[in-house]
Amino acid sequence: MGLQNGFTTPPGDPSAFAPSSRRAFLGRAAGVGAGIVGVAAAATLVGTSAATAASQGAQAVQEKWRYCQKCSSLFYWGYPSHGVCPSGGAHSAEGYNFVLPYGVGETSTAQADWRYCQKCYSMFFWGYPDKGYCAAGGAHSAQGYTFVLPHDVPGTATRQRDWRYCQRCRVMFFWGYPDKGYCALGGAHSAQGYNFVLPHV
Ligand SMILES: [Zn+2]
Ligand SMILES: [Zn+2]
Ligand SMILES: [Zn+2]
């Protein structure tokens, strides 16, 4: 399991890369005057290179989304408490700090209707009438932003592939390990649909 989450950081000083990347991003975000034209142009570039992470500059993003090493789901790590993990207790973060776009339109390579569950803290797909199965009991309960997550584009040093939708509990989970995690319905998560490619720092 060792080479995926969090252990593929390029050699050298990671801090030399991430902050400059972020400055480039913020610079573009500040110049959003291009408006809809800028969004469309960025969308066409999403798959081309690591540098185009900055080309998504018309998008607002939220950081502190993490991989849970216990259940393999994507959860929000930015609060003092870390939600409810289907494997018991709270989620436990490992690896990358994912930085996820929200509040923009869906494209052919980015799916909207991904939401934060205020009960279990996982990222879940809200686009069906049925809101899935929450580790805290009942269905997931959305709060906050509507995330628009890239899929089926190449992975890069700052974008990790193999995040998938679980058709059983509806959360986003990391599918790249042989072990498919721990689903709130019991057993492992079961992937369906797109291969999501999540930006991280
Ligand atoms: Zn967990
Ligand atoms: Zn939930
Ligand atoms: Zn599941």
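## Close-up views of a predicted model

**View 1. The open sheet built around β7.** Three strands, in the order β8-β7-β9, make up an open sheet whose pairing is antiparallel. The edges are held by β8 (172-174) and β9 (191-199), each of which has a single partner strand, so that one side of each is left without a neighbour in the sheet. Ignoring direction, neighbouring strands of this sheet are turned against each other by 45° on average. The model shown here and in the other views is predicted.

**View 2. Strand β7 and its pairing with β9.** Five bridges connect β7 and β9 in the antiparallel sense. Arginine 159 has proline 199 in β9 as its bridge partner, while cysteine 166 stands opposite alanine 191 of β9. Seven of the eight residues of β7 are buried, which leaves the strand mostly covered.

**View 3. The hairpin of β7 and β8.** On the β8 side, the antiparallel pairing with β7 rests on three bridges, and arginine 164 is found opposite phenylalanine 173 in β8. Five residues lie between these two strands of the hairpin, and in the turn arginine 170 adopts a positive phi of about 75°. For background, most residues other than glycine have a negative phi.

**View 4. Strand β1 between its two partners.** Strand β1, residues 60-68, runs antiparallel to strand β3 (residues 93-102), to which six bridges join it, and cysteine 68 stands opposite alanine 93 of β3. The pairing of β1 with strand β2 (residues 74-76) is likewise antiparallel and consists of three bridges, with tryptophan 65 standing opposite tyrosine 76 in β2. The hairpin made by β1 and β2 has five residues between the strands, and serine 72 takes a positive phi near 70° there.

View 5. Although lysine 64 is not a glycine, its phi is positive, near 70°, and the residue lies within strand β1 rather than in a loop. Is lysine 64 buried or partly exposed? The count of other C-beta atoms within 10 Å is 14, and because a residue with 20 or more would be called buried and one with 12 or fewer exposed, lysine 64 is classed as partly exposed.

**View 6. Aspartate 152 in the loop between β6 and β7.** Aspartate 152 belongs to the loop that links β6 (142-150) with β7 (159-166), and its phi, near 55°, is a positive value in a residue other than glycine. With 15 C-beta neighbours inside 10 Å, aspartate 152 counts as partly exposed. Its contacts, leaving aside neighbours within four places in sequence, are with Thr109, Tyr194 and Asn195. The C-alpha atom of aspartate 152 is separated by 9.2 Å from that of serine 108, although the two residues are 44 residues apart along the chain.

**View 7. Leucine 74 in the largest nonpolar core.** The largest nonpolar core has 43 residues, of which Leu74, Leu100, Met123, Leu149 and Met172 touch the most other members. When neighbours within four places in sequence are set aside, leucine 74 is in contact with Trp65, Tyr67, Phe98, Ser122, Met123, Trp163, Met172 and Phe173. In soluble globular proteins, nonpolar side chains tend to be buried together.

**View 8. The chain as a whole, for orientation among the close-ups.** Two helices and nine strands are present in the chain, and from the N terminus on they follow the order α-α-β-β-β-β-β-β-β-β-β. Buried residues account for 39% of the 201 residues. Among contacts with a separation of 6 or more, 67% involve residues 24 or more positions apart. The mean pLDDT of the chain is 81, with 71% of the residues reaching 70 or more. Over residues 1-56, by contrast, pLDDT stays under 50, and the model has 55 contacts beyond four places in sequence for this stretch.

Definitions and conventions:
Residues numbered from 1 in each chain as written. Chains lettered and ligands numbered in written order. Predicted model: local features only at pLDDT ≥ 70, side-chain atom pairs only at ≥ 80, totals over all residues. Helix = DSSP H or I, 4+ residues; strand = E, 2+ residues; numbered from the N terminus. Contact = placed C-beta atoms within 7 Å. Pairing = 2+ DSSP bridges. Core = buried A, V, L, I, M, F, W, Y, C linked by C-beta atoms within 7 Å. Axes fitted to C-alpha atoms, helices over the stretch in contact; angles between N-to-C directions. pLDDT = per-residue confidence, 0-100.
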